[in-house]
Amino acid sequence: MSRIVVFSGGDVGPWRVRDIRAIRGEPLPEVRRLLMTEGEPSGAATWRLRGAISNARYATRSEVTTLAQLQPALARPLASQAVLIPIRKSPAWWVLAQDERRAIFEETSHHTRIGLTALPAVARRLHHSRDLDERFDFLTWFEFAPEHEADFWAMTARLRATREWDYVEAEVELRLALEA
């Protein structure tokens, strides 16, 4: 069963929004704080993004095993920095067959291998939004300690330079800092 996670941008939440950048497409409206909850949130928000925690879609058994061994848990005490990256792929991506998307995702772009270079310094969780009729297809949540921020941005730059990113139609970066 998928769990729904809601990211609410507004004036409430433990994450202070340091910056919102539209990498491609339209930006999200500016907000001061971000709240991440499971299930239906209550209270006011400027915007909400929903995603489901689901099964791995393009990973092989070997990749899933490796990720499970190296992937750190979220909410580590020293991980006071986070980045939320909502992404929408183009219609051209979605007309490809599953094996064609996998070939671009991994055999050509090496998405998983690039991601592994940031582990265990960077924790991440992917949320699927396409089947929820949301504005974005994926919401990727990353957490890391301040000293690992350069590792995170190096990984992100490598991913954005791949053929897979030719299919990205909209991408927004929310840079966050944890503040109680």
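**Aromatic pairs, cores and the main pocket**

Phe138 counts as buried, at 10% relative accessibility. Buried here means under 20% relative accessible area, exposed means over 50%, and partly exposed lies in between (1.4 Å probe, protein chains only). The model is predicted, so local features need pLDDT of at least 70 and side-chain atom pairs count only at pLDDT 80 or more, while totals for chains, interfaces and linings use all residues. Residues are numbered from 1 along each chain as its sequence is written, and side-chain values use heavy atoms, with hydrogens and water left out.

The structure holds 7 aromatic pairs. The Trp94 and Phe138 rings are stacked, because their centres are 6.0 Å apart and their planes meet at 25°. Trp94 belongs to helix α2 (residues 91–94) and Phe138 to strand β7, so the pair ties together parts that are 44 residues apart in sequence. Phe152 and Trp153 form another aromatic pair, an edge-to-face one. Their centres are 4.7 Å apart, with 75° between the planes. Phe152 is buried, with a relative accessible area of 0%. Trp153 is buried too, at 18%. Phe142, Phe144, Phe152 and Trp153 form one aromatic cluster. Pairing applies to the rings of Phe, Tyr and Trp (its six-membered ring) with centres within 6.5 Å; planes under 30 degrees apart count as stacked, over 60 as edge-to-face and the rest as tilted. Helices (H or I, at least four residues) and strands (E, at least two) are DSSP runs, numbered from the N terminus.

Charged groups also sit over rings. Lys89 lies over the face of Trp93, at 3.7 Å from the ring centre. The charged end of Arg130 is placed over the ring of Trp94, 4.1 Å from its centre. The criterion is NZ of Lys or CZ of Arg within 6 Å of the ring centre and within 35 degrees of the ring normal.

The largest nonpolar core has 20 residues. Leu34, Leu84 and Leu176 touch the most other members. Six strands each supply at least two residues of this core: β1 (3–10), β2 (15–24), β4 (47–53), β5 (81–89), β7 (138–144) and β8 (168–178). β8 gives the most, with 4 residues. A nonpolar core is a set of buried Ala, Val, Leu, Ile, Met, Phe, Trp, Tyr and Cys residues joined through side-chain atoms within 4.5 Å.

Contacts (heavy atoms within 4.5 Å) show the surroundings of single residues. With neighbours within four places in sequence left aside, Leu34 is in contact with residues including Phe7, Val17, Trp47, Leu84, Trp141 and Leu176. Ser129 is in the loop between β6 and β7. Ser129 is buried, at 0% relative accessibility.

The largest pocket has a volume of about 910 Å³. Its lining holds 40 residues, of which Leu67, Phe105, His111, Arg124 and Leu126 lie nearest its centre. α1 (61–70), β5, α4, β6, β7 and α5 (149–160) each supply at least two lining residues. The largest share, 5 residues, comes from α5. Volume is the space filled by probe spheres set on the points, which are joined across faces, edges and corners.

Several loops carry backbone exceptions. Most residues other than glycine have a negative phi, and most peptide bonds are trans. The peptide bond from Leu119 to Pro120 is cis, with omega near 0°. Pro120 is in the loop between α4 (111–116) and β6 (123–128). His110, not a glycine, has a positive phi of about 60°. His110 lies in the loop between α3 (98–108) and α4 and is partly exposed, at 28% relative accessible area. Asp133, not a glycine, also has a positive phi of about 60°. Asp133 is in the loop between β6 and β7 and is exposed, at 75%.

Glu40 lies in the loop between β3 (33–38) and β4. Glu40 is exposed, with a relative accessible area of 64%. Glu40 and Leu78 are 38 residues apart in sequence and 28 Å apart in space, C-alpha to C-alpha.

Notes: On a 1 Å grid over the protein atoms alone, a cavity is a set of points where a 1.4 Å probe fits but cannot get out, and a pocket is an open set with protein on both sides within 12 Å along at least five of seven lines; lining residues have an atom within 4 Å of a point.
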